[in-house]
Amino acid sequence: MLNETLGTVLIANRGEIARRIIRTVQRLGLRAVAVHSEADADLPFVQEADEAVLLGPANPAQSYLDVDKVLEAARATGTKAIHPGYGFLAENAAFARAVVEAGLIWIGPAPEAIERMGDKINARNLMEEAGVPVAAGTREPVKDLDQARVQAERIGYPVMVKTAGGGGGIGMSVAHDAEGLAKAFEQASRAAARFSSGDEGPAILLERYIARARHVEVQILGLPDGTVLALGERDCSVQRRHQKVVEESPSPGVTPELRERMLAAAVKAGEAVGYLGAGTVECLVDADEQDFVFLEMNTRLQVEHPVTELVTGLDLVELQLRVAAGENPSVTPEVTGHAIEFRVYAEDPKRFFPGPGAITLWEEPSGPGIRVDSGYAAGTTVTPFYDPLMAKLCVYGASRAEAMEKGREAVESFKIEGPKNNLPFCAELLDHAEFVSGDYDTGLVGRMRAK
């Protein structure tokens with residue numbers, strides 16, 4: 001049935017995630033079509049696909065983000081389904097709708113669900129109505145600084161100021177007082193302008209800031225029969241500039257009682273939007289109070305999905321494909337052991353600035369409990385046109401201590417020469433007392449670099 005329904009799958013993405021999706025597509029006996037820019041022509045995902053189509057120049061707007069070119073590639077290759085991966089067009093409701101209107105299968109939730117969750121204010125309001133805990137914040141977009149001052153006084157300082165649209169931590173900052181609010185609002189407004197359209201102007205969201213917070217997310221899977229499953233949680237608190245660097249599952253900072261409540265709330269969130277396929281409900285956990293609030297919902301496959309796969313034994317991409325084909329796969333969520341993912345970036349390990357370049361040496365670690373999802377190889381080049389993520393180094397052990405030790409060995413044996421890389425930071429983190437203890441929060445990296 002899967003082959004008859006899907007047949008050929010086009011992966012509308014690049015790098016490690018395209019390569020990872022191709023692997024599952026081909027394992028299931030389906031054809032994988034890659035699309036790529038001129039800058040990515042020599043990357044492994046292009047070579048490993050059954051067919052590859054050049055979209056255009058390196059500029060994403062002229063290649064990966066060009067909806068017409070992607071759909072034309074689908075038509076030219078006899079594609080039946082499109083998998084968007086993450087980033088680029090993955091959470092673009094208009095693209096999802098265009099795919100469906102073209103008579104193709106969209107491997108993801110309905111365009112309406114993407115729209116409802118794409119605006120953080122609308123998502124907050126919907127979750128609150130569904131009985132999911134949310135932080136004190138604004139229920140309507142904040143358009144100017146005067147409104148922001150009024151709302152900040154109502155909520156109480158400190159407040160988190162961020163865009164209502166977009167993701168990746170872009171434009172987020174904390175205001176501890178009225179003076180800080182003005183700076184934070186200006187920063188968020190500049191970022192929000194990229195997501196606004198027409199004459200509406202940038203939309204800003206204010207929320208009560210949790211001083212010692214952990215960023216914990218729950219993986220959900222919505223089935224065609226309406227069932228929503230929770231497949232455990234991931235701790236994503238190791239961040240620089242509000243962007244994730246290391247993730248682990250299960251979270252060492254979540255008690256069994258809190259975990260039970262978070263998973264139940266995530267299921268409730270998925271049911272509220274009629275969610276279909278793989279998605280993530282992100283939460284902020286108050287590390288001192290052992291309580292949580294809804295942050296946002298990601299209507300796609302997450303970068304850090306491998307840690308969930310390692311502790312559950314599931315292939316989330318396969319589940320996405322089967323759900324998109326109309327199947328109700330039999331899934332019994334059960335988490336065993338511990339997994340950690342290290343995002344290997346082409347960046348300075350101290351200041352985290354991108355450091356692209358040609359790769360002259362690339363030696364991946366291997367062995368039991370080690371998984372590397374990579375987008376590059378020796379002889380390829382990390383260009384400045386895209387996110388500098390080169391690979392995801394994942395380790396699994398029967399316990400967190402075992403996973404940590406395996407992580408130390410794997411990080412040490414991963415050899416990359418050419419571009420700058422953050423493997424030295426990963427090694428530093430694995431020996432840092434806070435991370436080793438498991439009692440850390442989203443401020444960990446900032447404290448490490450403040451020394």
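**Reading salt bridges and burial**

Q: How should I read relative accessibility, and does Glu 217 count as buried or exposed?
A: In this predicted model, Glu 217 has a relative accessibility of 0% and therefore counts as buried, since the word is used for values under 20%.

Q: Which residue forms a salt bridge with Glu 217?
A: Side chains of opposite charge can pair when their charged atoms come close. Here the partner of Glu 217 is Lys 244, and the closest N and O atoms of the two are 2.8 Å apart.

Q: How many salt bridges does a search of the whole structure find?
A: The search finds 43 of them, and one that can be followed in detail is formed by the side chains of Arg 300 and Glu 91, at 2.9 Å from N to O. Because Arg 300 sits in the loop between β13 (291-298) and α11 (305-312), while Glu 91 sits in the loop between β4 (81-83) and α5 (93-101), the pair ties together parts that are 209 residues apart in sequence. Arg 300 counts as buried at 17% relative accessibility, whereas Glu 91, at 34%, counts as partly exposed.

Q: Where do Glu 115 and Arg 97 lie?
A: The side chains of these two residues, Glu 115 and Arg 97, meet in a salt bridge of 3.3 Å, N to O. Glu 115 is part of helix α6 (residues 111-118) and Arg 97 is part of helix α5, so the pair ties together parts that are 18 residues apart in sequence. Glu 115 counts as partly exposed at 42% relative accessibility, and Arg 97 likewise counts as partly exposed, at 26%.

Q: Leaving aside its neighbours within four places in sequence, which residues is Gly 277 in contact with?
A: Apart from those neighbours, Gly 277 is in contact with Ile 220, Leu 221, Gly 222 and Val 323. Gly 277 lies in strand β12 (residues 277-286) and is buried, with a relative accessible area of 6%. The C-alpha atoms of Gly 277 and Arg 322 are separated by 9.0 Å, although these residues are 45 residues apart along the chain.

Note on methods:
Residues numbered from 1 in each chain as written. Predicted model: local features only at pLDDT ≥ 70, side-chain atom pairs only at ≥ 80, totals over all residues. Heavy atoms only, no water. Salt bridge = Lys/Arg side-chain N within 4 Å of Asp/Glu carboxyl O. Helix = DSSP H or I, 4+ residues; strand = E, 2+ residues; numbered from the N terminus. Buried < 20%, exposed > 50% of the residue type's maximum accessible area, 1.4 Å probe, protein only. Contact = heavy atoms within 4.5 Å.
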